Amino acid sequence: MSLGKAARSRNIIVKAAIGVAVAGAISGGHHVYGAIVYETPWRVLVSLWIPAFVALVLAMLYLHWKLAKRISGEIAAWIVFAGGVVFQTGFTLFECVYSHILKLVLFFGGASQTTLARLFPAPAYHLPDDLFFELTGVLQLAGFWAAWLAWRVFTQRPGLT
């Protein structure tokens, strides 16, 4: 049995909402943990705007779902694109790929301390010394999943009537 177009659209919107919420929870928790462990209160500021960002994207997904064929639903879809695709992809590239994956590859690959200090200066960065912090940093890859789902919502929008 095949799902109708409207049901598929609702299904992908629900998946995107779950993806955005999961990615936000991972990233927010990661930053709160880092603020505590490394005594860097500025990380709490990052963790405070993450729920606001998630709430905005979830609200736009809901508006798009309810008002898909109206101008307000189309505007909501564009906000999902800007926040859920463009911003989330950039955030994940920087916050996960650069700040954790590249750092781990270089650190365990034998890069010099000079190179590591130049690319990852203290106090913003810490060389790997806390498994949970680095693991949750890498788990922020969920942001790419959320961005991909938001992209699918955007590309499968029904358009105005």
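Mentor: Begin with G90, which sits in helix α3. Note also that the model is a predicted one.

Trainee: Why is G90 called partly exposed?

Mentor: Its relative accessibility is 36%. Buried needs a value under 20% and exposed a value over 50%, so G90 falls in between and counts as partly exposed. The C-alpha atom of G90 is 9.4 Å from that of G143, a residue 53 places away along the chain.

Trainee: What makes T92 buried?

Mentor: T92 is also placed in helix α3. The relative accessible area of T92 is 1%, and the limit for buried is under 20%, so T92 is buried. Beyond residues up to four places away in sequence, T92 touches V97, Q140, L141, G143 and F144.

Trainee: How do you know that T92 and Q88 make a polar contact?

Mentor: A polar atom of the T92 side chain lies 2.8 Å from the backbone oxygen of Q88. The cut-off for such a pair is 3.5 Å, so the pair qualifies as a polar contact.

Trainee: Which category, buried or exposed, does S47 belong to?

Mentor: S47 is in helix α2, residues 42-66. With a relative accessibility of 7% against a limit of under 20%, S47 is buried. The side chain of S47 reaches the backbone oxygen of V44 at 2.7 Å. Leaving aside neighbours within four places in sequence, S47 is in contact with G28, H31 and V32.

Trainee: What describes the packing of α2 and α3?

Mentor: In general, an angle between axes and a distance between axes describe two packed helices. Here the axes of α2 and α3 (residues 71-108) come within 8 Å and cross at roughly 145°. The crossing is left-handed.

Trainee: Which residues form that contact?

Mentor: On the α2 side they are W49, I50, F53, L56, V57, M60, L61, L63 and H64. On the α3 side they are G73, A76, A77, I79, V80, G83, G84, F87, Q88 and F91. They divide into 14 nonpolar, 5 polar and no charged residues.

Trainee: Why is D129 called exposed?

Mentor: D129 has a relative accessibility of 56%, and exposed means over 50%, so the label applies. D129 is in the loop between α4 (113-119) and α5 (131-139). Its side chain is joined to that of Y38 by a polar contact of 2.4 Å, within the 3.5 Å cut-off.

Trainee: What is said of the peptide bond from A122 to P123?

Mentor: That bond is cis, with omega near 5°. P123 is in the loop between α4 and α5. Most peptide bonds are trans, and most residues other than glycine have a negative phi.

Trainee: Where is E39, and what is its phi?

Mentor: E39 is in the loop between α1 (5-37) and α2. Its phi is near 50°, a positive value in a residue other than glycine. E39 has 68% relative accessibility, and the limit for exposed is over 50%, so E39 counts as exposed.

Trainee: How do you know that the buried residues of α5 line one face of the helix?

Mentor: The buried residues in α5 are F133, E134, T136 and G137. Seen down the helix axis, they fall within an arc of 165°, so they line one face. At the start of α5, a side-chain oxygen of D130 comes within 3.2 Å of the backbone nitrogen of F132.

Trainee: What does the chain as a whole consist of?

Mentor: The protein chain has 6 helices and 0 strands, in the pattern α-α-α-α-α-α. Its C-alpha atoms fill a box of roughly 60 × 30 × 25 Å along the principal axes. Of its 161 residues, 39% are buried.

Trainee: What share of the contacts joins residues at least 24 apart?

Mentor: The share is 74%, taken among contacts between residues at least 6 apart in sequence.

Methods. Residues are numbered from 1 along each chain as its sequence is written. This is a predicted model: local features need pLDDT of at least 70, side-chain atom pairs count only at pLDDT 80 or more; totals for chains, interfaces and linings use all residues. Side-chain values use heavy atoms; hydrogens and water are left out. Helices (H or I, at least four residues) and strands (E, at least two) are DSSP runs, numbered from the N terminus. Buried means under 20% relative accessible area, exposed over 50%, partly exposed in between (1.4 Å probe, protein chains only). A polar contact is a pair of N or O atoms within 3.5 Å; within protein, one must be able to donate a hydrogen and the other to accept it, and residues adjacent in sequence count only if both atoms are side-chain atoms. Contact means heavy atoms within 4.5 Å. Axes are lines fitted to C-alpha atoms, for helices over the stretch in contact, and angles run from 0 to 180 degrees between N-to-C directions. A crossing is left-handed if the near helix is turned anticlockwise from the far one by less than a right angle, and right-handed if clockwise. Ala, Val, Leu, Ile, Met, Phe, Trp, Tyr, Cys and Pro count as nonpolar, Asp, Glu, Lys and Arg as charged, and the others, Gly among them, as polar. The arc is that of the directions from the helix axis to the C-beta atoms.
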